[in-house]
Amino acid sequence: MAKKKTVTLQVLAEHLNLSAYTVSKALRGLPGMSEDTRLTVIEAAEKLGYRTRDQQLNRVWEGVDRLRVKPRRFLFVTRANAVRNTSMNRIMEESLRDRLEQMGNVLQLTEIPIRPERSETSVSRMLEQMELSYADGLFISFGLPDVWERCILRLPVPKMFINFPPIGAEADSIIWDVYDAVQQSLLHLLARGHRRILYLGDNATHRGYRLRWTAFQEIASQYRLDVSEEAHLTKRYAGKEAFFEAFREKWTAFRPTALLCSIHDDLNRVLDCCEKLGIRIPDECSLVCLDQTEDSRFHSIASPGILVRETGHRAADRMLWRIANLHMPYEHIRVRGKFRIGTSVNFITP
């Protein structure tokens, strides 16, 4: 691998077996290539340490480069087993680690034990034992109990919520924009003639889940669709059988022409239900899911861009910026991707 000091545009192009012109276009976000090629170029540039002139100037302007003098230790705070069991947390940890290690820093995983609700006194004592206040910064994942969030917010270190933050939180935040993603998805289905749309997704467990349901209700109400919880699958189901029975009940009662799967980890359950009931997608029912993961049963599912890896990179950059600019106001950033049309949605006629 070439040393970072010697990496030029030409070196990067030769490494990828592409023209320098193509590589330059990819890094500047210009059209004229597939998204796969663009992503390959961006990942190679990050791995080799190549930056465009604008990227270099931006880092100097924001005061990040001067942080390279001293390696720093950051913590990624999640619920126990969340990285192991949740794909988005796993991707987030990888992207944070990649970006921070590029600049000589260290990321450590800190898991919050899954136990019954504790008092703030006991949680504060546990945080002290876990030595969170000795880190240079904390990345806070979604899904932590409220009492843990309240106690973490009191710690005297920079904090970055990779989540929608609590109201009035004295911390920065960055999150992939699920609110916009749900509304893009619903408008995509409406534009193709669908009116009997079944929303699938827990609407209560996390702030992000509640916002997805609110986003759906906002647009659906404008089109006079039924936005009652009884008309949709908005509960949390512990097992596949319970989910299947609830799905079958809604399918039989409402015969939706489209499904909007708002939680990416529910996609396999939804496809399993369709298989068991003999529902052909998109012939009998269209499908949109807030995820761009391919499934062997359906090659290209219509989906808004949920940019988890890009959000992780951005979170790492903003944390370093925050350390260099402690006096600046808190910032809350939503990262939005493009909608992928896919082949899982059909037009229907009134």
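Q: At what angle do the axes of helix 7 and helix 8 cross, and within what distance do they come?
A: This is a predicted model, to begin with. The axes of helix 7 (residues 120-130) and helix 8 (residues 146-153) cross at roughly 60 degrees and come within 9 Å.

Q: What does that make helix 7 relative to helix 8, oblique or roughly perpendicular?
A: Oblique, because angles of 65 to 115 degrees count as roughly perpendicular and this crossing is at roughly 60 degrees. That makes helix 7 oblique to helix 8.

Q: Left-handed or right-handed crossing?
A: Helix 7 passes helix 8 in a right-handed crossing.

Q: Which residues make the contact?
A: From helix 7, Glu120, Val123, Ser124, Met126, Leu127 and Met130. Helix 8 brings Val147, Trp148, Arg150, Cys151 and Ile152.

Q: How does that contact divide by class?
A: The contact of helix 7 with helix 8 has 8 nonpolar residues, 1 polar and 2 charged.

Q: Now helix 9 and helix 10. What is the crossing angle there?
A: Roughly 35 degrees, with the axes of helix 9 (residues 178-191) and helix 10 coming within 8 Å. Helix 9 passes helix 10 in a right-handed crossing.

Q: Which residues of helix 9 meet helix 10?
A: Val178, Tyr179, Val182, Gln183, Leu186, Leu187 and Leu190. In helix 10 they meet Gly208, Leu211, Arg212, Thr214, Ala215, Phe216, Glu218, Ile219 and Ala220.

Q: And the classes for helix 9 with helix 10?
A: That contact divides into 11 nonpolar, 3 polar and 2 charged residues.

Q: One more pair. How do helix 1 and helix 2 cross?
A: The axes of helix 1 (residues 9-16) and helix 2 (residues 20-28) cross at roughly 105 degrees and come within 9 Å. That makes helix 1 roughly perpendicular to helix 2.

Q: Who is in contact there?
A: Leu9, Gln10, Leu12, Ala13 and Leu16 of helix 1, with Ala20, Val23, Ser24 and Leu27 of helix 2. By class, the contact of helix 1 with helix 2 has 7 nonpolar residues, 2 polar and no charged.

Q: Which residues lie nearest the centre of the largest cavity?
A: Phe142, Trp176, Gly208, Tyr209 and Arg212, out of 14 lining residues. Strand 5 (172-176) and helix 10 (207-222) are the elements that give two or more residues to the lining.

Q: Which element gives the most?
A: Helix 10, with 3 residues in the lining of the largest cavity. Gly208 and Arg212 are among the residues nearest the centre of that cavity, and both are also in the contact of helix 10 with helix 9.

Q: What classes line the largest cavity?
A: The lining divides into 8 nonpolar, 4 polar and 2 charged residues.

Q: How about the second largest cavity: what volume, and which residues line it?
A: About 40 Å³ of space lies in the second largest cavity. Met160, Asp172, Ser173, Ile174, Arg318, Trp321, Glu331 and Ile333 line it.

Q: Which elements supply at least two residues there?
A: Strand 5 and helix 13 (308-324) each do. The largest share, 3 residues, comes from strand 5. By class, the lining of the second largest cavity has 4 nonpolar, 1 polar and 3 charged residues.

Q: Last topic, backbone. Which residues does a cis peptide bond join?
A: Ile281 and Pro282, with omega about 5 degrees. Pro282 sits in the loop between helix 12 (267-277) and strand 8 (286-289).

Q: And what is phi of Arg224?
A: Near 60 degrees, a positive value in a residue other than glycine. Arg224 lies in the loop between helix 10 and helix 11 (240-254).

Q: Why flag these two?
A: Most residues other than glycine have a negative phi, and most peptide bonds are trans.

Technical notes
Residues are numbered from 1 along each chain as its sequence is written. This is a predicted model: local features need pLDDT of at least 70, side-chain atom pairs count only at pLDDT 80 or more; totals for chains, interfaces and linings use all residues. Side-chain values use heavy atoms; hydrogens and water are left out. On a 1 Å grid over the protein atoms alone, a cavity is a set of points where a 1.4 Å probe fits but cannot get out, and a pocket is an open set with protein on both sides within 12 Å along at least five of seven lines; lining residues have an atom within 4 Å of a point. Helices (H or I, at least four residues) and strands (E, at least two) are DSSP runs, numbered from the N terminus. Ala, Val, Leu, Ile, Met, Phe, Trp, Tyr, Cys and Pro count as nonpolar, Asp, Glu, Lys and Arg as charged, and the others, Gly among them, as polar. Grid points are joined across faces, edges and corners, and a volume is the space filled by probe spheres set on the points. Axes are lines fitted to C-alpha atoms, for helices over the stretch in contact, and angles run from 0 to 180 degrees between N-to-C directions. Angles under 35 degrees count as roughly parallel, over 145 as roughly antiparallel, 65 to 115 as roughly perpendicular and the rest as oblique. A crossing is left-handed if the near helix is turned anticlockwise from the far one by less than a right angle, and right-handed if clockwise. Contact means heavy atoms within 4.5 Å.
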